[in-house]
Amino acid sequence: MKKGLFITIEGPEGAGKSTAATLIAEKLRIEGYDTIITREPGGIDIAEQIRRVILEPGNTAMDPRTEALLYAAARRQHLVEKVRPALKDGSIVLCDRFVDSSLAYQGYARGLGIDEVYKINEFAIETMMPDLTIYFDIAPEEGLARIEKHQGREINRLDLEELDFHHRVREGYQLLLGRFPNRIQKIDASLDLKEVVEEAFSKIKKLLVSN
Ligand SMILES: Nc1ncnc2c1ncn2[C@@H]1O[C@H](COP(=O)(O)OP(=O)(O)OP(=O)(O)O)[C@@H](O)[C@H]1O
Ligand SMILES: Cc1cn([C@H]2C[C@H](O)[C@@H](COP(=O)(O)O)O2)c(=O)[nH]c1=O
């Protein structure tokens, strides 16, 4: 049976994940790899509907556990409808955020606990974890400043959290790097876009040749 590669891109707001993912996918396709880009929460209709509920700035009453469960529900549907079928077809799936976002944002920054949040996500993902996760590291101040300048980018409920929350998100990712040193690889996302893309691409190529 053909088996694709599941690669996730993680990091704080404005780290450049979606911009880089598009350029990385182009490079992979040029080299002949079937590649799809997708995102969480979202990527398919039901999950995009859940995304709107989670990220609506007016939904300030949302309980942290409700938030964690909604991300996990969107994840489940996206995995079943899009990620698994593409992997089964032998494609590379480049996913902008996955379970590590829940661990860093809900588990650590919201204070629900990394292990607790992982537990509810196990129900959603079963044993499916990424083959490789590229973590785009950036100071929250720099990422948020990029977003402010990004024309057409809507400001969502999570963007509007206080700066301390965004610092905790980054700390949460640092903890995950320690927990999953083989799977998660860090890139300095404050570098020039071209350098960021080249570094991410070379990490993916290493994995492709070793497979
Ligand atoms: N390396 C870079 N240097 C400078 N600007 C960048 C770089 N990468 C991306 N940008 C710009 O930063 C802004 C945010 O980029 P992008 O939307 O890709 O980030 P993101 O990590 O996907 O954000 P979020 O997850 O918060 O939506 C865009 O205007 C993009 O052009
Ligand atoms: C998957 C996932 C995402 N989040 C947060 C991270 C961002 O603030 C938004 C998504 O917006 P983006 O522009 O697409 O990055 O949601 C989260 O808190 N938990 C998650 O599991």
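This is a predicted model: local features need pLDDT of at least 70, side-chain atom pairs count only at pLDDT 80 or more; totals for chains, interfaces and linings use all residues.
Biologist: Which residues are the closest to ligand 1?
Modeller: Gly-16, Lys-17, Ser-18, Thr-19 and His-150 are the closest, and 14 residues surround ligand 1 in total. A residue counts as near a molecule if its C-beta atom, placed from the backbone, lies within 6 Å of it.

Biologist: How does the shell around ligand 1 divide by nonpolar, polar and charged?
Modeller: There are 4 nonpolar, 6 polar and 4 charged residues. Ala, Val, Leu, Ile, Met, Phe, Trp, Tyr, Cys and Pro count as nonpolar, Asp, Glu, Lys and Arg as charged, and the others, Gly among them, as polar.

Biologist: And what surrounds ligand 2?
Modeller: Its shell includes Glu-13, Arg-39, Glu-40, Tyr-71, Arg-97 and Asn-156. Ser-101, Ser-102, Tyr-105 and Gln-106 also belong to the shell around ligand 2. By class, that shell has 4 nonpolar, 4 polar and 4 charged residues.

Biologist: Where does the largest share of the ligand 2 shell come from?
Modeller: From H4, with 4 residues.

Biologist: How many residues of helix H4 are buried?
Modeller: 11 of the 11 residues of H4 (residues 99–109) are buried, so the helix is largely enclosed by the rest of the structure. Buried means 20 or more other C-beta atoms within 10 Å of the residue's own, exposed means 12 or fewer, and partly exposed is in between.

Biologist: What do the buried residues of H4 pack against?
Modeller: Strand E1 (5–10), helix H3 (64–88), helix H5 (114–125), strand E4 (132–137) and helix H7 (163–179). Two residues are in contact if their C-beta atoms lie within 7 Å.

Biologist: Tell me about H7. Which residues of H7 are buried?
Modeller: His-166, Val-169, Gly-172, Tyr-173 and Leu-176. They cover an arc of only 105 degrees around the axis, which puts them on the same side of H7. The arc is that of the directions from the helix axis to the C-beta atoms. Leu-163, Asp-164 and Gly-178 are exposed on the other side of H7.

Biologist: What covers the buried residues of H7?
Modeller: The cover includes E1, H4, E4, helix H6 (140–149) and E5.

Biologist: On to Ile-184. What does Ile-184 touch?
Modeller: Thr-133, Tyr-135, Leu-176 and Leu-177, leaving out residues up to four places away in sequence. Ile-184 sits in strand E5 (residues 184–188). It counts as partly exposed because it has 19 C-beta neighbours inside 10 Å.

Biologist: Big picture: how many helices and strands does the protein chain have?
Modeller: 8 helices and 5 strands. The protein chain has a radius of gyration of 16 Å, close to the 17 Å that the globule rule gives for 211 residues, so it is as compact as a globular protein of that length. That radius is taken over C-alpha atoms, and the rule is 2.2 Å times the number of residues to the power 0.38.

Biologist: What share of the 211 residues counts as buried?
Modeller: 36%.

Key. Residues are numbered from 1 along each chain as its sequence is written. Chains are lettered from A and ligands numbered from 1 in the order in which they are written. Helices (H or I, at least four residues) and strands (E, at least two) are DSSP runs, numbered from the N terminus.
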